[in-house]
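The model is shown below, and the description takes each pair in turn.

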Amino acid sequence: MIPTSPDDKDFPWWLVAVVAIGCYLFWQVLTVEEYTRVLNTLRRGIWVTVYVTLVSYSMACLLGLGLALAGLSRWLVLRQIARFYIEVVRGIPIIVLLLYVAFVLAPAMVAGWNWMAESIGFEPVRTRDFSLLWRAVIALTIAYSSFLAEVFRAGLQSVDEGQIEAAEALGLSRWHRFRFIVFPQALRMILPPLGNDFVAMVKDSSLVSVLGVMDVTQLGKVTAAGNFRYFETYNVVALVYLTITISLSLVLRRFEKRMRAR
């Protein structure tokens, strides 16, 4: 029998309230000229927010999985390097990491590339050619990879050792054991926290506005500074983020229920 929480039995009155407020705000956006003008301005930033989130999260998942595997490695050096990375990065606020990557790490990467380019005859690049968008993507990737590494590690360790030993007795290689036995079961366990982190990254992507990246938040700041309509502008900004995050949360919750039912 599948365990259910009290929240699963409750009628979602919270959702009714959110939908009612959202419908009112959408009606305002469609009928009030000032709201409509703000939304038309923010529309460009929505695609930037989606792009930053998808690219950063995909790269963070790959790096996080690599860190989790390194943390479970038989080699002490790999385990210590993974633990060092995870603990240090998790201890730094994301906004500080954004600034560090943008103004310290990115120039250092450009300087390192130029040093190698001189020796192999390639053209050097300038620091300003390194776009702020990609600096933000790298920073979010580094930040979230440390959190996702712990999620992956917990999922991999949740797989029963007996199944791994049985697969080894059948002659499966280390890669095949991971590919067919360990990872599918671990993925089923970690999908809920992975989904939660994805929704969190949508919200944390707003921090890239401190670098001047033209996402929803930055365009909202620029728009409000130009029209002095702070109430209307930030209502629309909040509506955009709420629409994205609540929609994602509902989809992920339904997907989680389907996975639990299997």
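## Residues joining α5 and α6

In this predicted model, the α5 side of the contact with α6 is formed by I94, L97, L98, V101, A102, L105, A106 and M109, and these meet R135, A136, I138, A139, L140, I142, A143 and Y144 on the α6 side. Sorted by class, the contact of α5 with α6 has 15 nonpolar residues and one charged residue, with no polar residues.

## Geometry of α5 and α6

Helix α5 covers residues 94-120 and helix α6 covers residues 132-157, and the two pack with their axes 9 Å apart at an angle of about 120°. Because angles of 65 to 115 degrees count as roughly perpendicular and those over 145 as roughly antiparallel, α5 and α6 are classed as oblique to each other. The crossing that α5 and α6 make is right-handed.

## Geometry of α7 and α8

Helix α7, residues 161-169, and helix α8, residues 174-204, have axes that come within 10 Å and cross at roughly 165°. Since angles over 145 degrees count as roughly antiparallel, this crossing angle makes α7 roughly antiparallel to α8. The crossing in which α7 passes α8 is right-handed.

## Residues joining α7 and α8

On α7 the contact is made by Q163, I164, A167 and E168, while α8 contributes R177, I181, V182 and Q185. The residues of this contact of α7 with α8 comprise four nonpolar, two polar and two charged.

Key
Residues are numbered from 1 along each chain as its sequence is written. This is a predicted model: local features need pLDDT of at least 70, side-chain atom pairs count only at pLDDT 80 or more; totals for chains, interfaces and linings use all residues. Side-chain values use heavy atoms; hydrogens and water are left out. Axes are lines fitted to C-alpha atoms, for helices over the stretch in contact, and angles run from 0 to 180 degrees between N-to-C directions. Helices (H or I, at least four residues) and strands (E, at least two) are DSSP runs, numbered from the N terminus. Angles under 35 degrees count as roughly parallel, over 145 as roughly antiparallel, 65 to 115 as roughly perpendicular and the rest as oblique. A crossing is left-handed if the near helix is turned anticlockwise from the far one by less than a right angle, and right-handed if clockwise. Contact means heavy atoms within 4.5 Å. Ala, Val, Leu, Ile, Met, Phe, Trp, Tyr, Cys and Pro count as nonpolar, Asp, Glu, Lys and Arg as charged, and the others, Gly among them, as polar.
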